[in-house]
Amino acid sequence: MKLVTKTSLYYLVILILFFSLGSILFYISVNKILNEELNEQLYTEKDKFLNYVSKNDEIPPLSSLTDGYLSLSKINKKIDDVLKDTLMLEKAEDELLPYKQLAFSTEIKKQLYEIRITKPSVEKDDLLESILNSLGILFLLLIIVLFIVNRWLTKILWKSFYVTLNNLNKYDLRAHTSITFSATGIYEFDQLNLEVKRMIEKINLHYSNLKDFSENASHEIQTPLAIIQNKLELILENDNLPAIELKKIHEIYETTNRLTKLNKSLLMLSKIDNQQFGDVELILFDELVEQKLLFFEDMIGFRKLNLEKNLVRDSYIKINIYLADVLLSNLITNAIKHNIEGGKIAVILTKNKIEISNSGLPKTLISSKIFERFSKENTSHDSIGLGLAIVKQICTSYQFKINYSYSKNLHTFSIEF
Amino acid sequence: MKILLVEDESLLADTIITFLQKEGFVCEIAKNYFEAEANVSLFEYDCVLIDIGLPDGNGLHLINQLKKQNTKTGIIIISAKNSLEDKILGLDLGADDYLAKPFHLAELNSRIKSVIRRRNFSGNTEIEFNEITINPEQQEVKVFNQTIVLTKKEYDLLLFFISNINRLLTKESIAEHLWGDHISQADSFDFIYSHIKNLRKKLVEKGCHDYLKTIYGSGYKFMKL
């Protein structure tokens, strides 16, 4: 739910609550005021009556009564003032309507009378109705105004928040840039931006350190590996060693070789990620593909593979030449290696796409998994499982789209430049 | 042939020296930049192997010094970093070759010989081994003066063997020599066997002795009989 909606709902609920409370209070106080007003009027009439009586000692004329009824009845005993509510039948409306009545006694011409003055009281229903109506309209108006103002304020005040959000969205850790915010004029958002900037700087630093560390670690591994490999080579030269020992030594040697290749590949991945192959040129791609196919032609011939190539001429791609070499070599050697004897390799190059297909085991590889490092799909005792990961990494850094598909018994890798 | 190895990692240096001495090179070691500078100014080596990751200075500066001395000394950079920038820079400064660690000893050997050939014998660069003659500039091979036609890979293979006579060439080092890092292990070994078979056949057809010996389990040797 959006903040502005939530705020509006809260306002709505609170307003309803307070308006209800307010309406009740308002009703009570208006009622009270009206009641008191009416009571005052009754007492005023009484005073007027008694005044006249004391002056003239006779019953005042009915017309002196401003609104209401007056009734006299002779009584024997004095009574105290009685103020009460009563109902009387209103002939015109044929309804029982509420009245207020003040009864008092006084002596006129030596006779005790009970005087009753009755005035119409405000119909509670009418009162309620009019209060509710006015308040209701007020409430609605308030809600509308609040709603509009809320939306407008939100837009203005939260603008910088959305700017920050957008910046965060666009931020890419691997782009090695820092994030910048302009002053917002709102303390909280300035604080937010400051903290975000600090956090990103920290993350950048950690990431950078981690990358450096893993790259340095790989570098450090090269020399010990070189020592092991070369010493084993010297040992293997010794013909006098028993065959069993030589075999074991050779196995160690093979394994060392695997480690070496693994390390080199990891370094390659790290460097590509670090954008250390920054130099790009316009490479004549069809020429490069031809070169690579020539380079591996003996392998292709050895496995009796049928090479089909369809290369569009003069296709130029903007890419680092070393990475282009690695990209093509990995894909081509994969196509040769995962093939069957007498199978087929097809290479199709168009202006902005290359497709390398090979026949092979009728097993569809899981597209999402084959580009992962060391995935089960890729590793075997002779493959370190990084070839395709490297290809993917290269594609990612140039934003090329790479895709794997299997159809018509052909495994196809395609890259869109 | 005199070689200077500039390498601070002594275990590695010892291993390389042992190997090169077997090859008949006279070797000297410099363990740091300071020593290397001194060595180079005192002797003219046929080839200098420089590890540019030295503790007390960048080996690339050594290249400058060697170039200033205007010698025919071959320069090979060996580096654990395998940095493309270093490679380009080094070659620009005048180094003859760049080899990343870890490398196969046989590979180092073949590179050294290649560099020395290019630098020293400004006229005749032909390699002769008994009945085999190789002209590296034309990439031509003759047996008993008769040209034999070899594929590029077969030629590279023969040259590799002849640079490492009597040395064990493991399948791994042959594979890396022919196809670089792009090859994984298991597939290449059948290829290699077939290449060797073809090479052997072409040589023997022209009356050449069969110098190629299979060392079971490890690799091959080009044996001087």
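**Entry 1: the A/B interface**

I started with how the two chains touch: 40 residues of chain A are in contact with 43 residues of chain B. I keep in mind that this is a predicted model. Next I looked up the buried area, and chain A and chain B bury about 3,800 Å² between them. Carbon and sulfur atoms carry 57% of that area.

How many salt bridges cross the interface of chain A and chain B? The rule finds 4. I also looked at a pair between the chains, Arg167(B) and Glu237(A), whose side chains meet in a salt bridge at 2.9 Å, N to O.

**Entry 2: H5(A) against H7(B)**

I noted who meets whom. From H5(A) I have His250(A), Tyr253(A), Glu254(A), Asn257(A), Lys261(A) and Lys264(A). From H7(B) I have Lys171(B), Glu172(B), Ser173(B) and Glu176(B). Sorted by class, this contact has 6 charged, 3 polar and 1 nonpolar residues.

**Entry 3: H7(B) again, now with H6(B)**

I stayed on H7(B), residues 171–179, and turned to its packing with H6(B), residues 152–163. Their axes are 10 Å apart and the angle is about 130°. H6(B) and H7(B) are therefore oblique to each other. I also looked up the handedness: H6(B) passes H7(B) in a right-handed crossing.

On the H6(B) side, the residues are Lys153(B), Asp156(B), Leu157(B), Phe160(B) and Phe161(B). They meet Ser173(B), Ile174(B), His177(B), Leu178(B) and Trp179(B) in H7(B). The class count for H6(B) with H7(B) is 6 nonpolar, 2 polar and 2 charged residues. I see that Ser173(B) is listed in this contact, and Ser173(B) is also listed in the contact with H5(A).

**Entry 4: H3(B) and H4(B)**

Another pair within chain B: H3(B) is residues 60–68 and H4(B) is residues 84–93. Their axes come within 9 Å and cross at roughly 10°. That angle makes H3(B) roughly parallel to H4(B). H3(B) brings Leu60(B), Ile63(B), Asn64(B) and Lys67(B) to the contact, while H4(B) brings Asp86(B), Leu89(B), Gly90(B) and Leu93(B). I get 4 nonpolar, 2 polar and 2 charged residues in the contact of H3(B) with H4(B).

Cis or trans from Lys101(B) to Pro102(B)? I found the peptide bond to be cis, with omega near -10°. Pro102(B) lies in the loop between strand S7 (97–100) and helix H5 (105–120) of chain B.

In chain A I stopped at Gln399(A), which has a positive phi of about 55° although it is not a glycine. Where does Gln399(A) lie? I placed Gln399(A) in the loop between helix H10 (387–398) and strand S10 (401–407) of chain A.

Definitions and conventions. Residues are numbered from 1 along each chain as its sequence is written. Chains are lettered from A and ligands numbered from 1 in the order in which they are written. This is a predicted model: local features need pLDDT of at least 70, side-chain atom pairs count only at pLDDT 80 or more; totals for chains, interfaces and linings use all residues. Side-chain values use heavy atoms; hydrogens and water are left out. Axes are lines fitted to C-alpha atoms, for helices over the stretch in contact, and angles run from 0 to 180 degrees between N-to-C directions. Helices (H or I, at least four residues) and strands (E, at least two) are DSSP runs, numbered from the N terminus. Angles under 35 degrees count as roughly parallel, over 145 as roughly antiparallel, 65 to 115 as roughly perpendicular and the rest as oblique. A crossing is left-handed if the near helix is turned anticlockwise from the far one by less than a right angle, and right-handed if clockwise. Contact means heavy atoms within 4.5 Å. Ala, Val, Leu, Ile, Met, Phe, Trp, Tyr, Cys and Pro count as nonpolar, Asp, Glu, Lys and Arg as charged, and the others, Gly among them, as polar. Buried area is the accessible area (1.4 Å probe) that two parts lose on being put together, summed over both.
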